[in-house]
Amino acid sequence: MNRVVRAARDIVGHSLLTLRRTPGRAVAFGLAAFLASGLLAFGLTDAAGRQADVTGAFDALAAQRVQVTLPLRGTPYQDLSQPQMAAIQAIPGVTGIAWAERSDAFVLDSTGTVVSTRLWTLDGDLTLLGLQYADTQQTEANRGLLVGGGSPLASSDDEPYQHAVVNGRRTVVGGTLVASAAIPDLLDTAATAGAGEPPSLDSNGELVVGVRPGWATEVAPRLATILAPGRETSVLVRYPPEASELRQGVLGSVNSLVLVTSGAILALGAGAVMVGMFFRVLSERRLLGLYRAIGASSTFVVATILVEAIIIGSVGSVLGAIVGLGICAARALARDAPLVVPWALVCIGVLAGLATNALGALLPALSTVREPPLRALRSR
Amino acid sequence: MTAEPVAPILAATHVTRTFDNGRVRPLVDVTVEVQRGEVLAIVGSSGSGKTTLLNMFGLLDSPDSGQIMVEGAPTSTLSERSRAKIRASSLGFVFQDSLIDPRRTAQENVALALLFAGTPLAQREQKAAEALDSADVADRAHTLAGDLSGGERQRVALARAIAHRPPILLCDEPTGNLDDVNTEHVFALLGNYARAGAAVVLATHDLGLARQSGRVLSVAHGAVQQW
């Protein structure tokens, strides 16, 4: 058998025997690793679960619009009637309504080139769509053709505001869109302002309802009731993603806090192991001196102390992580909430705990073998 | 025809060792040779330097000047790693107050020396059992060392020292805390080990015991004299 493997087996065997014969000490050190790892796993998992909870509520609170993708399968109506529009406008917290219908179109530009594109017809309060234009001076949609900044139409060399023909109807290019909060698809297509026709609920499109911040959760169910009375669950009211950046900023700072706290827990665990190991080598100073006096190499002595710490750390950390996750699972079950486990972070945390345990034991181990064996033998 | 002189298995050549910046001088220009099969007793009062000489023979301490030769090889320039290897393979130690690991059984204590000497795992148990048997404590093999009596601990320490069959056995007051019966027992074991071809060096202040040894050296005032 390979010499290194034999040496490793001897070191592990010696360490395991020491652990068996010093159960009190093993349990004390293991408990430190257990607590550090358990707190870490519990903290990370609990934070992840709460973040998942907060995410939905946060988006609802921060949303300035809610929207429904059309066609709406569960509704008995073909078009949204004026009374329904008025009812939506009357919902407390609603600031306005906009809608967009999607169709296919051919656009003939001033050079005579025909381009096939998707065309959105925008109507209602267009400010709700959050349109932004390449021309920074332009703030409102006009009656001309709006060209998506990422569409083939925008890449032509034509000067803006030149004539175009859309499905046989002459128009001018009214601007180039570079952003749309409610309908991102607009950037790859083209759009034109509608003539105030009521939205068709069985056509492709989007119905966008502006809300005051914090009112989205109040508006959404009432909007669903107006659109599909008796079948509200068939209406999926979405919160557009404009809140996500704010949310990510807030949760990012929470994540930083969680990670810093986790690091502090690991450092405390490693500190406990280091102090414990210092006391351990101090109390066994004479015995370790005896080992070296009868032929144990410094490598053997250091390795057995490290392996001991790694074994204790592994068992303690893994058990701690299991218990920490178990507590989170029990809490999630009791609250009827989904269990969100950040496996990568938990695994990194456990491995980092093992590494810091080993590092915590390294210094006392090295201090032991720096002392001449004779001096250690004479110690009391 | 004259017999060719036999090289000593252990030698201290012009060894000087001082402490406390030279104010304490237990050994000054001391030369001692030990042959195979010999039991050498070193006697002297407390603090005379007998343990210092033993520690240097055991490569646990280094002389200020002079040379310690183990099995004909000089040791003054060896690293601690090389010294540890020699301690593990060529030397056996019985320390004062029978120093053994109280958390391990008698057999596990003996197996430690075999582990450090590089004995394969498969042979350790048997060799440890043989060593305990030769030290007459085989019946206590599986008892924790902390539960053994003083005499038993001393015999386990002796078994640990001879388990890997080192050619040199160094004993520091091996019968210091023992009654007469155990003293006789331990000394008989040392004699048997020397007769098997090893060199046994023991430091003692028990003159009666020393007289039973093959050769006695007295250490006093930095010098060593044949007694």
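## Where the two chains meet

A polar contact is a pair of N or O atoms within 3.5 Å; within protein, one atom must be able to donate a hydrogen and the other to accept it. In this predicted model, 10 residue pairs are in polar contact between chain B and chain A, counting pairs with both residues at pLDDT 80 or more.

The size of an interface is often given as the accessible area lost when the parts come together. Here, about 2,300 Å² is buried between chain B and chain A. Carbon and sulfur atoms give 59% of that area. The interface also has 3 salt bridges. The side chains of Glu284(A) and Arg103(B) meet in a salt bridge, at 2.3 Å from N to O.

## The largest pocket

The largest pocket holds about 730 Å³ of space. Its lining has 23 residues. Nearest its centre are Arg3(A), Ala7(A) and Ser297(A) from chain A, with Leu115(B) and Phe116(B) from chain B.

Which elements give two or more residues to this lining? In chain A they are helix 1 (3-21) and helix 7 (298-335). In chain B they are helix 2 (80-90), helix 3 (106-116) and helix 4 (121-134). Helix 1 of chain A gives the most, with 6 residues. By class, the lining has 12 nonpolar, 5 polar and 6 charged residues.

## The second largest pocket

The second largest pocket has a volume of about 620 Å³. It is lined by 33 residues. Arg378(A), Thr51(B), Asn55(B), Gln96(B) and Asp172(B) lie nearest its centre.

Chain A supplies at least two lining residues from helix 9 (373-378). Helix 1 of chain B has the largest share, 5 residues. The lining divides into 12 nonpolar, 14 polar and 7 charged residues.

## Cavities

How many cavities of 30 Å³ or more are there? The count is 5. The largest cavity has a volume of about 120 Å³. Its lining has 13 residues, and Asp46(A), Gly49(A), Ala332(A), Arg335(A) and Pro338(A) lie nearest its centre. Helix 2 (23-62) and helix 7 of chain A each supply at least two of the lining residues. Helix 2 of chain A gives the most, with 5 residues. By class, there are 6 nonpolar, 2 polar and 5 charged residues in this lining.

The second largest cavity holds about 80 Å³ of space. Of its 13 lining residues, Ala33(A), Ala36(A), Leu266(A), Ser317(A) and Gly353(A) are the closest to its centre. Helix 2, helix 5 (244-283) and helix 8 (343-370) of chain A each supply at least two residues. The largest share, 5 residues, comes from helix 8 of chain A. This lining divides into 6 nonpolar and 7 polar residues, with no charged ones.

Methods: Residues are numbered from 1 along each chain as its sequence is written. Chains are lettered from A and ligands numbered from 1 in the order in which they are written. This is a predicted model: local features need pLDDT of at least 70, side-chain atom pairs count only at pLDDT 80 or more; totals for chains, interfaces and linings use all residues. Side-chain values use heavy atoms; hydrogens and water are left out. On a 1 Å grid over the protein atoms alone, a cavity is a set of points where a 1.4 Å probe fits but cannot get out, and a pocket is an open set with protein on both sides within 12 Å along at least five of seven lines; lining residues have an atom within 4 Å of a point. Grid points are joined across faces, edges and corners, and a volume is the space filled by probe spheres set on the points. Helices (H or I, at least four residues) and strands (E, at least two) are DSSP runs, numbered from the N terminus. Ala, Val, Leu, Ile, Met, Phe, Trp, Tyr, Cys and Pro count as nonpolar, Asp, Glu, Lys and Arg as charged, and the others, Gly among them, as polar. Buried area is the accessible area (1.4 Å probe) that two parts lose on being put together, summed over both. A salt bridge is a side-chain nitrogen of Lys or Arg within 4 Å of a carboxyl oxygen of Asp or Glu. A polar contact is a pair of N or O atoms within 3.5 Å; within protein, one must be able to donate a hydrogen and the other to accept it, and residues adjacent in sequence count only if both atoms are side-chain atoms.
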